[in-house]
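Have a look at the sequence and the fold, then read on.

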Amino acid sequence: MNLLILETTCDETAAAVVNDRLEVLGAAVASQDTLHERFRGVVPEIASRAHVERIVPIIDSALRQARLSLAALDAVAVANTPGLAGSLLVGLAAAKSLAVALDLPLLAVNHVHAHLFACRIAFGEAVFPSVGLVVSGGHTSLFRCLGPLDFQWLGGTIDDAAGEAFDKIASLLGLGYPGGPAIERAAKRGDPRAYRFPRSFVNDATRLDFSFSGLKTAVRYQIAVTGTAGVVARPLPEDEIADLAASFQEAVVDALVAKARHALSRTGLQTLLVGGGVAANSRLRERLDELAGNESVRTFIAPRELCTDNAVMGAIAIERYKAGLIESLDLDIKPGLMRGNPKASSSEFIPASRATVSE
Ligand code: KG4
Ligand code: ZN
């Protein structure tokens, strides 16, 4: 079976062809970094317009790599949640058009779950059961992963996501966009112990939540001009930028590793999956490897090329196909972010405007 997968949840336009043995036959990603760079963040309207221009050439590119024609496809899958409304609509419209024109089954992909399925693609069935940690631009969430279709919410950020914090601090330090790779580069020259920034809730094993807004504020005050309201940054020498980047990165990594450990001990599971753009970070990967070395924990970290947004990870849809979970043409987008619902110990969707604690 050959599955065509489309991914347009945020600012990457991606398509992949994967077969039911999870072999990647073709994969293409068009990044929009250069379009959003000067705004130091994703501008939703620019993202959706770029998806419209790019989706057909990207599908074409994935099919060419796979040396397959449209007639060789058996199903089409699309990430329809979570994400930016306008962006999600482009992928969904393209997927529905193909499903109708080619008379193919339509499958839905949850983008956050797909980030963890990247580990299943790379490492096989041994990845379940496990705790899954998703660290991306919009999400920092922990799941109990009993199987590819059984992800139970354990906790997540109550304000910014880890990737979002990287992007905002990079912007504050005058580093490039996207912020994660820029901070990682600067941090290599810095001292992670130069500043002691806060690590929220790390000593509270009863909370599987994250918070990065206090950390962001702490960095902001560190670089503010003394005696001002805290919003005026002073010109920063290179070595101070490197120390700030390294100390900030260490605080984020400490919080992520501490909460992953708490989730493992809370659930009694011994396997940890990690996916999402921030999982590409070398310092985080190093610390997760140490965790696996020191304790009876197995860690499966998505390979770097499957960490940042891509369509290959959407092969989780094959599991839905096998389970008979085919969508009707009424399938809609579910935009926004997945955030915890403490009362129900489950997740709920909230509109992006309420989901992010702004500056
Ligand atoms: O998973 P992803 O590509 O998109 C979302 O689903 O949000 O994640 C993008 C995020 C961005 O915030 C980016 O700054 C961050 O991942 N990121 C990194 C690194 N590479 C990407 N953060 C830290 N270190 C990196 N090397
Ligand atoms: Zn993502």
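The points below cover the sheets, the ligand site and some backbone details.

This is a predicted model, so local features need pLDDT of at least 70 and side-chain atom pairs count only at pLDDT 80 or more, while totals for chains, interfaces and linings use all residues. Residues are numbered from 1 along each chain as its sequence is written, chains are lettered from A and ligands numbered from 1 in the order in which they are written, and side-chain values use heavy atoms, with hydrogens and water left out.

Helices (H or I, at least four residues) and strands (E, at least two) are DSSP runs, numbered from the N terminus. Two strands pair if DSSP finds at least two bridges between them.

**The β1–β5 sheet**

- Five strands make an open sheet in the order β3-β2-β1-β4-β5, and the pairing is mixed.
- β3 (24–31) and β5 (106–110) sit at the edges with a single partner strand each, so one side of each has no neighbour in the sheet.
- On average, neighbouring strands here are turned by 20 degrees against each other, direction ignored; axes are lines fitted to C-alpha atoms, for helices over the stretch in contact, and angles run from 0 to 180 degrees between N-to-C directions.
- β1 (residues 2–7) and β4 (residues 75–81) run parallel and are joined by four bridges; I5 has A77 as its bridge partner in β4.
- Helix α3 (residues 85–102) packs on this sheet and touches β1, β4 and β5, with its direction at about 160 degrees to that of β4; contact means heavy atoms within 4.5 Å.
- Helix α4 (residues 111–123) also lies across β1, β4 and β5, running at about 80 degrees to β5.

**The β6–β10 sheet**

- This one is an open sheet of five strands too, ordered β8-β7-β6-β9-β10 with mixed pairing.
- Its edge strands are β8 (150–156) and β10 (298–301), each pairing on one side only.
- Neighbouring strands are turned by 25 degrees against each other on average, direction ignored.
- β6 (residues 130–135) runs parallel to β9 (residues 271–275), with four bridges between them, and L133 stands opposite V274 in β9.
- Helix α8 (residues 238–267) lies across β6, β7 (140–147), β8 and β9, at about 155 degrees to β6.

**Around ligand 1**

- Which residues come nearest to ligand 1? Of the 21 around it, they are G137, D167, G180, E184 and D309, where near means a heavy atom within 4 Å.
- For polar contacts (pairs of N or O atoms within 3.5 Å), a polar side-chain atom of H111 lies 3.2 Å from a ligand 1 oxygen atom.
- A polar backbone atom of G180 is 2.9 Å from an oxygen atom of ligand 1, and an N or O atom in the side chain of E184 is 2.7 Å from a nitrogen atom of the ligand.
- Taken alone, ligand 1 exposes 550 Å², and the protein buries 89% of that, with areas from the Shrake-Rupley method and a 1.4 Å probe.
- α4, α5 (162–172) and α6 (179–187) each supply at least two shell residues; the largest share, four residues, comes from α6.

**Backbone details**

- The peptide bond from F128 to P129 is cis, with omega near -5 degrees, and P129 lies in the loop between α4 and β6.
- Another cis peptide bond runs from Y177 to P178, with omega near 0 degrees; P178 is in the loop between α5 and α6.
- L22, in the loop between β2 (12–19) and β3, has a positive phi of about 60 degrees although it is not a glycine.

Notes:
Polar contact = N/O pair within 3.5 Å; in protein donor to acceptor, adjacent residues only side chain to side chain.
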